[in-house]
Amino acid sequence: GHGGSWGIMKANFETALNRLGKALEYNPNNAAAHSTLGILYSRLGQPDKAEKHYAEAVRTAPDDSGALNNYGQFLCSQGRHAEALALFDRAVANPLYRTPAVAQTNAGTCALEAGDPATAETRLRAALQSDPKFAPALMQMARVSFDKAEHLSARAYLQRYLEVAKPTAASLWLGVRIERALGNTDGASSHALALRSRFPDSEETRLLNESGPQ
């Protein structure tokens, strides 16, 4: 069952926490160690400790885009969307940041969660400008387009996504809904078939089955 693997993970966490603690004793301004501790405490369900370390990482390395991005993701997960977006902006503002598409996509996803699709679209387009093949941004743009009833655009983004990534339950379910909206029964059926056969136990397959025959 799941117990065993969590036991191993927990042991690994303990080891990691000890090592990182030692690294910080040696150098309390080690931003990477603080950032990693933030991630670990976040996974261990200790958001207060996580935040303390994320904030330290950003304080000790104010231009470290990776640290800013991690802290932003954490704040977004805590529902603190405005603070998160500000951190993603700081990450992207650094001209030396090698993967701005990551922070822009996280910003877009965070804006979507905050109920601001216009900001989401701006950030996602910026992500795709810096990396036209960044799968998470393509997937989110397909979603945004679908929500705006721009179905041909949604189909195009989904096709671009499928050129660079493997289909997921979410992408197949979106495909079903896009093709249904476009009146393409065959297309909808082939996505539905793939969804049922590859991801039979997924939430998306349940939604598909509840959505009527096809």
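## Burial and surface

Of the 214 residues in the protein, 41% are buried, a figure that refers to a predicted model. The accessible surface of the protein amounts to about 11,600 Å², and carbon and sulfur atoms account for 53% of that area.

The charges can be described by their mean positions: the protein carries 23 positive and 22 negative charges, and the mean position of the positive set lies 4 Å from that of the negative set.

## Overall fold and dimensions

The secondary structure of the protein consists of 12 helices, with zero strands, so that the pattern read along the sequence is α-α-α-α-α-α-α-α-α-α-α-α. Taken along the principal axes, the box filled by the C-alpha atoms of the protein comes to roughly 65 × 45 × 25 Å.

With regard to contacts within the protein, where pairs of residues at least 6 apart in sequence are considered, 44% of these contacts join residues that are at least 24 apart.

## Packing of helices α7 and α8

The crossing in which α7 passes α8 is left-handed.

On the α7 side, the contact is made by E121, L124, R125, A127 and L128, while α8 contributes A137, L138, Q140, M141 and V144.

How values were computed. Residues are numbered from 1 along each chain as its sequence is written. This is a predicted model: local features need pLDDT of at least 70, side-chain atom pairs count only at pLDDT 80 or more; totals for chains, interfaces and linings use all residues. Side-chain values use heavy atoms; hydrogens and water are left out. Helices (H or I, at least four residues) and strands (E, at least two) are DSSP runs, numbered from the N terminus. Buried means under 20% relative accessible area, exposed over 50%, partly exposed in between (1.4 Å probe, protein chains only). Contact means heavy atoms within 4.5 Å. Accessible areas come from the Shrake-Rupley method with a 1.4 Å probe; for residues, only the protein chains shown count as cover. Lys and Arg count as positive and Asp and Glu as negative; His and the chain ends are not counted. The place of a charge is taken as NZ of Lys, CZ of Arg, CG of Asp or CD of Glu. A crossing is left-handed if the near helix is turned anticlockwise from the far one by less than a right angle, and right-handed if clockwise.
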